[in-house]
Amino acid sequence: MPPQEAVRADTSLWAFSISIYGRPGAAEECLSLQDRFGVNVNILLFSLYAASEFGAVLSRNDICTADGAVAHWQT
């Protein structure tokens with residue numbers, strides 16, 4: 001993927017995430033999922049973005065792979 005397309009995709013994901021997370025009650029619900037079940041909120045928002053923008057339904061393996069790819073961010 002050329003760098004310009006990567007930036008555009010990142011910007012779209014960021015805008016989507018902010019629009020979802022900024023809705024009334026969404027932040028609290030995301031943080032509750034994080035606290036109660038260990039959900040990675042960024043991976044959750046990425047999964048919603050993939051479904052909303054591309055019709056992609058991520059498998060458990062897809063989500064685990066994505067989570068593993070960013071695990072170092074959490075430490």
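Trainee: Which backbone nitrogen lies 2.9 Å from a polar atom of the side chain of N40?

Mentor: That of N42. A polar contact is a pair of N or O atoms within 3.5 Å; within protein, one must be able to donate a hydrogen and the other to accept it, and residues adjacent in sequence count only if both atoms are side-chain atoms. Keep in mind that this is a predicted model, where local features need pLDDT of at least 70, side-chain atom pairs count only at pLDDT 80 or more, and totals for chains, interfaces and linings use all residues. Residues are numbered from 1 along each chain as its sequence is written, and side-chain values use heavy atoms, with hydrogens and water left out.

Trainee: Is N40 buried or exposed?

Mentor: Buried means under 20% relative accessible area, exposed over 50%, partly exposed in between (1.4 Å probe, protein chains only). N40 has 13%, so it is buried.

Trainee: Where is N40 found?

Mentor: Helices are DSSP runs (H or I, at least four residues), numbered from the N terminus. N40 sits in the loop between helix 2 (26-37) and helix 3 (41-54).

Trainee: How do I read the faces of helix 2?

Mentor: In helix 2, A26, A27 and C30 are buried. Down the axis, the buried residues of helix 2 fall within an arc of 105°, so they line one face. E28, D35 and R36 are exposed on the other side of helix 2.

Trainee: What follows helix 2?

Mentor: G38, with a positive phi near 75°.

Notes. Helices (H or I, at least four residues) and strands (E, at least two) are DSSP runs, numbered from the N terminus. The arc is that of the directions from the helix axis to the C-beta atoms.
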